[in-house]
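Please keep the sequence and the model in view while reading.

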Amino acid sequence: MAGQRLMLQGLLAPALALLAFVVLGGVAWAEPSLWKVGAALGAGGLVGIAIVDLLQTRHALLRNYPILAHIRFFLESIRPEMRQYFVEADGEATPFSRQQRSVVYQRAKNVLDKRPFGTLLDVYGDDHEWLNHSMAPVKIAKENSDFRVSVGGPDCLKPYSISVFNISAMSFGALSGRAVQALNRGAAIGGFAHDTGEGSISLHHRPLEAGAPAGDLIWEIGSGYFGCRDQDGRFDADKFIENACDPQVRMIEIKLSQGAKPGHGGVLPGAKVSAEIAEARGVEPGQDCISPAAHSAFSTPLELIAFIARLRDLSGGKPVGVKLAIGHPWEFYAVCKAMLETGITPDFIVIDGAEGGTGAAPVEFADHVGVPLREALLLVHNTLVGLNLRSRIRLGASGKIITAFDIARAMAMGADWCNSARGFMFALGCVQSLSCHTDRCPTGIATQNPLRQRALVVGDKAERVAHFHRNTLMALAELIGAAGLSSPMALAPHHIVRRVSGNEVRNLTMLYKFMTAGELLRNPAAHQLFERYWPMASSHSFAAQPLPPAATMAAPATTIADR
């Protein structure tokens, strides 16, 4: 009985379509007119769809519910938009809340970003955070809100004064040419840095007209060595020099991993490798473009440190650093051991949190691989401070950084500057349609489709990128001024407070352990992670080393500072 009812339900729509076709066809035959013929043809089309649905074997729903199942598929396809427009709460982050997106849109458009009637956040909810203000606030003039920090260690000949807020790594190929153009022109207008992503430097990163200002570039070099590779995909020093010595390139960043899919690598299918993408990456058009999971230019921490020194030398002394998502602690400790043994340090380290990611990533990687930004930043900052290395190395932080408070919190936890990818995508007009990987981006940002790219007007969006940057830094100036500070570099963990329960709050100094200079050298057991994993680290291998039966903490006898 149930089976017969199911069959009748499924055949109801085709039967009605067939009846409509017969009736309308007869009416149109008797008294022909345009609308009658059109209606009959429409009903006939539905009959045809029903026949195809009943005969196909791939979709069970279509076989049982011809025609009707298409309505279900259509509604499912627009579910993200319907949820975003009608269901999602203003503070619900999926992955960014309407509240977060709105503040970017307002600042990018240079319109009022104030809110009436108080906060929408639950200030008594767990994990609510705030900045403690001062009874003696400081007034920071707008013209003094362009906060910058110098990047370049003792071996760097050309240090770079970087803004505390910059465009994070997004490659041409993942983004459209027009999006890259708008980002770079916006960076030129606002005087901040634009990370190329591992897709290397394309013609879209260059000025659109001769003599036009060009945005400062951080050239990211991944495991595919795009822009500096030979025919076999290995590092090519001559091609590196050609790009690295370009005045527009201000820093070189070796990408070890990214927050969205650390340890994964990637493939850009040959069908998407256009002539422009191929030219930028140094590969053949129409062929798969592979980013291996691991680098071929080095395989040990000591080799990585030597590679950093080599790139700094080949670039004429520009700042060279690494970007990584933190995974096994002993691997980062192994790199630190290599620094201590050789006396060579990177000029900067960018920590990419697991919550980051503009491109597509496997679900398991996006959800369950890698350390979130706060814990990763804390591990790196603490280790460098405890080993007396921090003064030589600047730290960048990226991972869901949108507002001035996000920047303030990261800097209070040890960052020298912050990068944002999705924040600047919102400034370009991204509506979080979650279609970045489909080539059907509705705003022309994450697509190579020329028709879809028409929506993005470079001049207008470049101004919005610059506005977002400037207004966010002005908001940061107001924020730190309220805390009684004159510079975000003065932010400390005790300035940020977090609610841990309904009746208990703690500042970050109370929640986390922060190292003092050289503390790990004087007292290796001062930090539980260090005590456990330092003996497992070796400068000769990224692999965990076996521990002796009664492993004891052996601190380095000397440090770079002692030499």
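## A nonpolar surface patch

Which residues form a nonpolar patch on the surface? Leu68, Ile71, Phe74 and Leu75 do so, with about 390 Å² of accessible area together. Accessible areas come from the Shrake-Rupley method with a 1.4 Å probe, and for residues only the protein chains shown count as cover. Patches consist of residues with over 30% relative accessible area and no salt bridge; nonpolar side chains (Val, Leu, Ile, Met, Phe, Trp, Tyr) are joined within 5 Å, and like charges within 9 Å. A salt bridge is a side-chain nitrogen of Lys or Arg within 4 Å of a carboxyl oxygen of Asp or Glu.

Leu68 lies in helix 4 (residues 68-77). Leu68 counts as partly exposed because its relative accessibility is 39%; buried means under 20% relative accessible area, exposed over 50%, and partly exposed in between (1.4 Å probe, protein chains only).

## Basis of the model

The model is predicted: local features need pLDDT of at least 70, side-chain atom pairs count only at pLDDT 80 or more, and totals for chains, interfaces and linings use all residues. Residues are numbered from 1 along each chain as its sequence is written, and side-chain values use heavy atoms, with hydrogens and water left out. Helices (H or I, at least four residues) and strands (E, at least two) are DSSP runs, numbered from the N terminus.

Strand 11 (residues 348-352) is mostly covered, with five of its five residues buried. In a regular strand the side chains alternate between the two faces of the sheet. Phe348, Val350 and Asp352 point one way from strand 11, while Ile349 and Ile351 point the other way.

Strand 11 pairs in the parallel sense with strand 10 (residues 320-324) over four bridges and with strand 12 (residues 394-398) over five bridges; two strands pair if DSSP finds at least two bridges between them. Val322 stands opposite Ile349 in strand 11, and Phe348 stands opposite Arg394 in strand 12.

## Helix 14

Helix 14 (residues 404-412) is mostly covered: nine of its nine residues are buried, including Phe405, Asp406 and Arg409. Just after helix 14, Gly414 takes a positive phi of about 130°.

Three bridges join strand 1 to strand 14 (residues 496-501), and Leu131 stands opposite Ile496 in strand 14.
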